[in-house]
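Biologist: Hello! Could you walk me through this structure, one question at a time?

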Amino acid sequence: MYYIFLGFGLLASAISVNKVLLANVPPTFFVGLRMSIAGVILWAMYYKNSNRLRWYYLKEDIFKILLAALFTTCVPSLCKAFALKYMPSAKAAFIGSLDPF
């Protein structure tokens, strides 16, 4: 039961921690660092499962994949980081909770 509350507490404090980080680093660096860490994790999983996924399947569609990744991942993350830097954490949490709708 203790771990459940600890997990929810860590998730709930993520916006406040992001706000503190954004006070010290630029939003573009913050988002770039997060995307780089995620990219390293994805490449590690790719190499672990490289017997199922080959490069020649992706070669002709790599530009489309990168373009889709830019507009579905990078641009919204940058917009959220810039917004979080200039608004209160409570308002950012409220707007973020409306995001799925």
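**Contacts, core and pocket**

Modeller: Gladly, starting with Pro27: leaving out residues up to four places away in sequence, Pro27 touches Leu22, Leu78, Ala81, Phe82 and Lys85, where contact means heavy atoms within 4.5 Å. The model is predicted, so local features need pLDDT of at least 70, side-chain atom pairs count only at pLDDT 80 or more, and totals for chains, interfaces and linings use all residues. Residues are numbered from 1 along each chain as its sequence is written, and side-chain values use heavy atoms, with hydrogens and water left out.

Biologist: Is Pro27 buried or exposed?

Modeller: Buried means under 20% relative accessible area, exposed over 50%, and partly exposed in between (1.4 Å probe, protein chains only). Pro27 has 5% relative accessibility, so Pro27 counts as buried.

Biologist: How far apart in space are Pro27 and Phe82?

Modeller: Pro27 lies in helix 3; helices are DSSP runs (H or I, at least four residues), numbered from the N terminus. In sequence, Pro27 and Phe82 are 55 residues apart, but from C-alpha to C-alpha the separation is 6.0 Å.

Biologist: Which element gives the largest share of the lining of the second largest pocket?

Modeller: On a 1 Å grid over the protein atoms alone, a pocket is an open set of points where a 1.4 Å probe fits, with protein on both sides within 12 Å along at least five of seven lines; lining residues have an atom within 4 Å of a point. This pocket is lined by 16 residues, with Lys80, Ala81, Leu84, Ala92 and Gly96 nearest its centre. The largest share, seven residues, comes from helix 5.

Biologist: Which residue's backbone oxygen lies 2.8 Å from a polar atom of the side chain of Ser77?

Modeller: Ser77 lies in helix 5 and is buried, because its relative accessible area is 16%. The backbone oxygen at 2.8 Å from its side-chain polar atom belongs to Thr73.

Biologist: And is Glu60 buried or exposed?

Modeller: Glu60 is in the loop between helix 4 (55-58) and helix 5 (62-85). Its relative accessibility is 69%, so Glu60 counts as exposed.

Key:
Helix = DSSP H or I, 4+ residues; strand = E, 2+ residues; numbered from the N terminus. Polar contact = N/O pair within 3.5 Å; in protein donor to acceptor, adjacent residues only side chain to side chain.
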